[in-house]
Amino acid sequence: MKLLINGVEKEVNADPDTPLLWVIREELKMTGTKFGCGMGLCGACTVHLNGQAIRSCITPVQSVEGASITTIEGIGSVDQPHPLQSAWQALNVPQCGYCQSGQLMSAAALLANNPTPNDEDIMAAMTGNLCRCGTYPRIHAAIRQASGQAESPMAATVAYWEAQV
Amino acid sequence: MSQQDNGQCLSRRDFFKVSATTGGALLIAVQLPGCASLPAGQAENALRPNAWLEVTPDNQVILTLDRVEMGQGTMTGMATLLGEELHVSPDRIKVVFAPVAEDYRQPDYGLQITGGSTSISSNWVRLREAGAAGRMMIEAAAAQLWQVPVTRVQAIDGVCQVAGNAAVLSYGELASLAALQRVPSSPALTAPENYRYIGKQSKRLDAQAKSFGQARFGIDVQLPGMRYAVLSRPPVAGGKVKRVDRARAQAAPGVVKVIETACGVAVVAEQYWQARKAQRLLDIEWDHGELAQISTDQVFDCYARALNDGASDVRDEGDFEAARVTADRTLKVEYRAPFLAHATLEPQNCTVHITKDKCEIWAPTQGPDIARAVARRETGFSSDQIQVHTTYIGGGFGRRLTQDFVAEAVAIARHLDTPVKLIWSREEDTRHDHYRPASLHRLEATFNAEGKVTGWRHDIAAPRILDHFVGDAAGAVAPGWTPQPMVRLAAGLAKLTQPDPSPVEGAQDLPYEIANLNVRYAKADAGIPISYWRSVGHSTNGFVTESFVDELAHAEGKDPVAYRLALLPATSRLRTVLIAATETAGWRQSLSEGRFQGVACHKSFGSYAAQVIEVSVVDGDIKIHRVVCAIDCGQVVNPDLVVAQMQSGIIFGLSAALYGNITHKEGQVEQSNFHDQPILRMPQTPRIEVVIVKSQISPTGVGEPGVPPVAPALANALFSATGQRLRSLPLVLA
Ligand code: FES
Ligand code: FES
């Protein structure tokens with residue numbers, strides 16, 4: 001079976017019902033895409049299929065033969081980062097980092113289809129991606145920043161207080 | 001970090017002898033931790049003044065991180081401490097994860113664990129001294145080379161210079177000469193007003209790798225010839241296999257082996273998915289063991305019985321019984337908290353390769369030395385035959401202090417001659433967790449004729465986490481030669497003799513001045529596996545005490561903030577955070593229509609936190625709009641990381657307060673995945689504002705203290721909004 005991943009054609013020989021996630025991680029040895037739930041509930045495994053965000057943990061590999069698949073390894077590099085990846089670093093978004101590939105892939109699909117999403121659009125696109133570390137406010141802010149919009153209402157605010165005792 | 005296996009383990013004294021005869025660069029080898037061999041790639045002429053710092057001749061500055069990075073930002077924080085005194089920007093420091101060695105133990109626990117929000121506090125002096133010692137040796141080397149008094153050498157941004165002299169040498173160029181200098185014993189540290197990196201905003205060192213999918217977590221470990229394992233565990237904790245028919249699974253495509261271990265039945269295959277598919281073909285009959293019938297109701301019955309049988313004092317001031325006799329009125333209520341799962345987004349996993357005389361482990365573990373002890377028990381190998389590599393960790397929250405996933409993987413790997421990676425499914429991760437303990441609380445307050453509170457009694461029934469943890473931990477604390485029966489004996493003894501603050505922390509140290517104060521504890525353990533969970537006992541006791549004090553305020557007809565301030569001692573640092581949070585939030589001032597606020601404050605892990613939560617309730621739906629959090633964690637090392645940890649703790653706390661509930665029926669956990677055990681999603685996340693109290697007191701915890709005030713502040717807000725006092729978690733409106 002042939003897969004088109006990040007613009008490169010790859011030959012894989014997994015059982016046809018194997019979820020795309022495991023083919024990407026094990027056979028193609030691209031471990032940026034993560035396993036979180038296996039039920040389409042967390043978004044850690046998000047990749048693009050013909051430009052749309054999908055959950056690779058519930059996508060049988062046979063169903064994507066011939067389609068164009070993009071993973072986190074394919075949207076930008078340290079030298080040529082995706083605008084989201086620059087914003088992610090600028091705002092110190094990641095904590096443990098485990099969910100972040102999936103978050104970035106959902107956000108990248110959103111911006112590709114809608115370059116200046118409003119808050120509702122962002123919420124709708126990102127609600128399928130869980131973050132146990134609670135980086136949502138920064139993810140929201142980074143999407144706003146990467147799409148050249150005014151600061152997010154969820155952005156981190158910090159003030160200082162003089163000790164009184 | 002990989003290490004050469006030189007097949008021998010020198011004691012410290014041996015090392016000293018070797019160095020004395022070979023001299024020169026090796027002198028520094030005496031400082032190598034424990035019996036660690038020289039890590040591969042380490043330059044012979046590098047400066048290694050202690051177990052943490054290395055400066056190589058090619059000008060790399062390397063920090064060996066003795067805590068694990070699981071999102072809390074310890075990597076960045078530690079590099080900041082080292083860099084401050086070394087006079088090197090933290091982002092120039094390369095961080096490697098430490099092997100198991102005595103020098104890397106957390107000094108208060110005597111274990112090499114990451115927990116208790118102690119990474120910064122326990123390394124506050126030690127890492128800055130490590131950096132200062134290195135810098136002083138580099139300065140001494142420059143002085144020797146240039147034949148000037150050392151006081152004239154300036155070390156700035158990784159280079160040395162003498163004023164008025166054009167010559168500049170990098171730390172790397174000076175490293176081999178620096179290695180020959182005396183290691184200073186207690187170097188002077190920078191005064192706070194001169195900090196260049198501490199307390200300043202800085203980048204997370206791991207942000208880049210984690211924004212490109214390049215951080216390698218435990219689950220990402222790949223080794224040549226590696227197989228994949230899945231494990232069918234007893235559905236009821238403490239159960240075991242009665243009978244298994246493995247024929248169909250064994251015959252499935254890709255299956256390498258079906259293995260029966262003490263932990264269950266493992267299927268090992270060429271690919272993960274093949275193992276999962278074959279697992280469904282296993283036919284196993286289980287012996288469910290003693291917990292076969294246990295239900296959540298029975299757990300709480302067990303707790304209630306323990307309280308009825310009598311609890312023992314953990315704090316007793318004044319005379320509560322007398323206060324009750326003379327009371328005009330009393331308020332007596334019951335609170336409860338459920339078992340909670342950790343739900344780290346990276347499911348438990350572990351990769352192991354066992355050869356004839358060596359066991360190598362790659363694990364996302366919060367306790368690599370306990371992992372090694374567990375492997376010693378499973379294999380019979382000695383400590384120096386076992387090597388533990390830690391990885392980036394996809395969320396810890398205490399889950400990975402328990403080494404069950406390591407024990408399982410080692411047990412499986414013993415039957416294979418290839419490396420094997422064990423991966424848990426989300427369902428397995430939810431059902432076979434070691435949970436935040438459930439607990440039952442009875443509270444009673446007494447009031448005098450003027451309506452003022454005169455007495456507080458808090459009775460707690462809960463299990464002790466230590467009893468569940470000590471079995472594995474004892475192996476890590478005991479010297480390497482200790483036979484397993486003695487380790488078991490020591491663990492058993494610890495259960496009887498060692499105090500465990502976990503069930504009473506945050507209740508025993510109630511900050512309010514009430515004349516007759518009695519906190520009592522009754523040990524009650526229904527046998528459900530439990531462990532540490534972000535903020536541990538504070539997560540339940542914070543909820544109970546801060547809800548109950550709110551009840552008292554309302555009972556006395558007082559404002560909850562003014563009421564707390566009146567009861568807090570004049571010197572309490574809680575006062576400042578309470579004032580900071582409520583003033584920032586505009587406590588009870590001109591709220592929009594339908595909005596209500598609740599407040600709570602709590603001290604944990606040495607830090608003081610207060611939160612104001614703003615909610616609305618429409619048709620029974622709870623919407624959380626805003627959380628203001630004030631934190632006093634002493635000297636701030638990295639303000640943005642403090643903000644991140646407050647955001648993280650608050651969202652974690654909201655997930656627990658709104659949804660967290662692990663229940664049991666006929667011995668089995670009823671929840672399985674994120675649909676029936678949800679956590680907060682982005683649209684439910686409120687706006688979060690953080691206020692940091694300025695301080696130069698030694699730093700204290702930030703990873704956990706943001707959690708305890710969340711549930712009570714929310715419950716108190718819901719009381720304001722609906723008049724319903726919710727005394728049981730998760731918070732569900734009637
Ligand atoms: S792993 Fe695919 S959605 Fe969770
Ligand atoms: S950063 Fe840890 S799960 Fe999102």
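Ala278(B) is found in helix α8 of chain B, which spans residues 272–279; helices (H or I, at least four residues) and strands (E, at least two) are DSSP runs, numbered from the N terminus. With a relative accessibility of 1%, Ala278(B) counts as buried. Buried means under 20% relative accessible area, exposed over 50%, and partly exposed in between, with a 1.4 Å probe and protein chains only. Apart from its neighbours within four places in sequence, Ala278(B) is in contact (heavy atoms within 4.5 Å) with Ala249(B), Ala252(B), Val255(B) and Val267(B). Its C-alpha atom lies 41 Å from that of Glu704(B), a residue 426 positions away along the chain.

The model is predicted: local features need pLDDT of at least 70, side-chain atom pairs count only at pLDDT 80 or more, and totals for chains, interfaces and linings use all residues. Residues are numbered from 1 along each chain as its sequence is written, chains are lettered from A and ligands numbered from 1 in the order in which they are written, and side-chain values use heavy atoms, with hydrogens and water left out.

**Chain B as a whole**

Chain B has 20 helices and 26 strands. Its radius of gyration is 28 Å, close to the 27 Å that the globule rule gives for 734 residues, so chain B is as compact as a globular protein of that length. That radius is taken over C-alpha atoms, and the rule is 2.2 Å times the number of residues to the power 0.38. Along the principal axes, the C-alpha atoms of chain B fill a box of roughly 80 × 75 × 45 Å. Of the 734 residues in chain B, 63% are buried. Among contacts in chain B with a separation of 6 or more, 76% are between residues 24 or more positions apart. The mean positions of the 72 positive and 77 negative charges of chain B are 3 Å apart; Lys and Arg count as positive and Asp and Glu as negative, while His and the chain ends are not counted. Each charge is placed at NZ of Lys, CZ of Arg, CG of Asp or CD of Glu.

**A buried glutamate**

Glu360(B) is found in strand β15 (residues 358–363) of chain B. At 18% relative accessibility, Glu360(B) counts as buried. Its side chain makes a polar contact with the side chain of His389(B) at 2.8 Å. A polar contact is a pair of N or O atoms within 3.5 Å; within protein, one must be able to donate a hydrogen and the other to accept it, and residues adjacent in sequence count only if both atoms are side-chain atoms. Leaving aside neighbours within four places in sequence, the residues in contact with Glu360(B) include Thr351(B), Val352(B) and Gln387(B).

**Backbone features**

| Residue | Phi |
|---|---|
| Lys29(A) | near 55° |
| Phe605(B) | near 50° |
| Asn92(A) | about 50° |

Lys29(A) is in the loop between α1 (20–27) and β3 (46–49) of chain A and counts as exposed at 54% relative accessibility. Phe605(B), in the loop between β21 (596–604) and β22 (607–618) of chain B, counts as partly exposed at 21%. A cis peptide bond, with omega about -10°, joins Leu729(B) and Pro730(B).
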